[in-house]
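The sequence and structure are shown first.

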Amino acid sequence: MSSQLLRGFVLGFAVAATPGPIFFLCLRRTLVRGWLNGLVSGLGVATADGFYAAVAAFGISAITTAIRGERRWLALAGGALLVVLGLRIALAKPRTTEAPSATGGGLALAYGSTLGLTITNPATIISFAALAATLSAGITGGYLRPSLLVLGVLLGSLAWWCVVAALGSGLPTRITARAVRVINTASGLAIVVLGLAAFASAMLSS
């Protein structure tokens, strides 16, 4: 049973560590708004990863079929959201005194926004669609084994975001307005490019 937890942890960590638009978003929040905002944002990503892992591990065919059937529209919506978000970040005015968003409302928004973006993120959908067979392989009898696998994915994803938050925790106090501008522009443009790529791929798919 411990092997299921370990396998889920490795898969969750690997999927979360794959560079993508959500990575740049959480990294930017960690650097500009503080480690707590970045960690809570990462928790939203981990929750979405756990959701898709549960769908695959428990073999919830109705949800799996719905996701696959609407994958193109989810990709279009996710790609469009990423483009808008990336443009807002890239064009944002740099402020070294940006609010840390450590209040309940600010943290809830950080969590909810990354949860929603990850659920509709084409890269996440494609990753777990590809891993569906791997996640469900060898899982038989009861709910304990798939539950451990899902828990492992959740913990693995969260572990990655803890690493990101820890690495960026000491930087905000030394960030200048120019550095914030560079971070905003780089992360914003990266998100825009990845969003456009996802949007174009969905448009061209049959």
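Helices α2 and α3 are roughly antiparallel to each other (an angle over 145 degrees). In this predicted model, local features need pLDDT of at least 70 and side-chain atom pairs pLDDT 80 or more, while totals for chains, interfaces and linings use all residues. Residues are numbered from 1 along each chain as its sequence is written, and side-chain values use heavy atoms, without hydrogens and water.

The axes of α2 (residues 21-33) and α3 (residues 35-57) cross at roughly 160° and come within 6 Å. The residues in contact (heavy atoms within 4.5 Å) are tabulated below.

| Helix | Residues in the contact |
|---|---|
| α2 (residues 21-33) | Ile22, Cys26, Arg29, Thr30, Arg33 |
| α3 (residues 35-57) | Trp35, Asn37, Gly38, Ser41, Gly42, Val45 |

By class, this contact of α2 with α3 comprises 4 nonpolar, 5 polar and 2 charged residues, with Gly counted as polar.

Helix α1 (residues 2-17) has 16 residues and reaches 22 Å from its first C-alpha to its last, close to the expected 22 Å at 1.5 Å a residue. Gln4, Gly8, Leu11, Gly12, Val15 and Ala16 of α1 are buried (under 20% relative accessible area). Viewed down the axis of α1, these buried residues fall within an arc of 125°, so they line one face of the helix. On the other side of α1, Ser2 and Leu6 are exposed (over 50%).

The protein as a whole has 9 helices and 0 strands. Buried residues account for 43% of its 206 residues. Of contacts between residues at least 6 apart in sequence, 90% join residues at least 24 apart.

Technical notes:
Axes are lines fitted to C-alpha atoms, for helices over the stretch in contact, and angles run from 0 to 180 degrees between N-to-C directions. Helices (H or I, at least four residues) and strands (E, at least two) are DSSP runs, numbered from the N terminus. Angles under 35 degrees count as roughly parallel, over 145 as roughly antiparallel, 65 to 115 as roughly perpendicular and the rest as oblique. The expected span of a helix is 1.5 Å times one less than its number of residues. Buried means under 20% relative accessible area, exposed over 50%, partly exposed in between (1.4 Å probe, protein chains only). The arc is that of the directions from the helix axis to the C-beta atoms.
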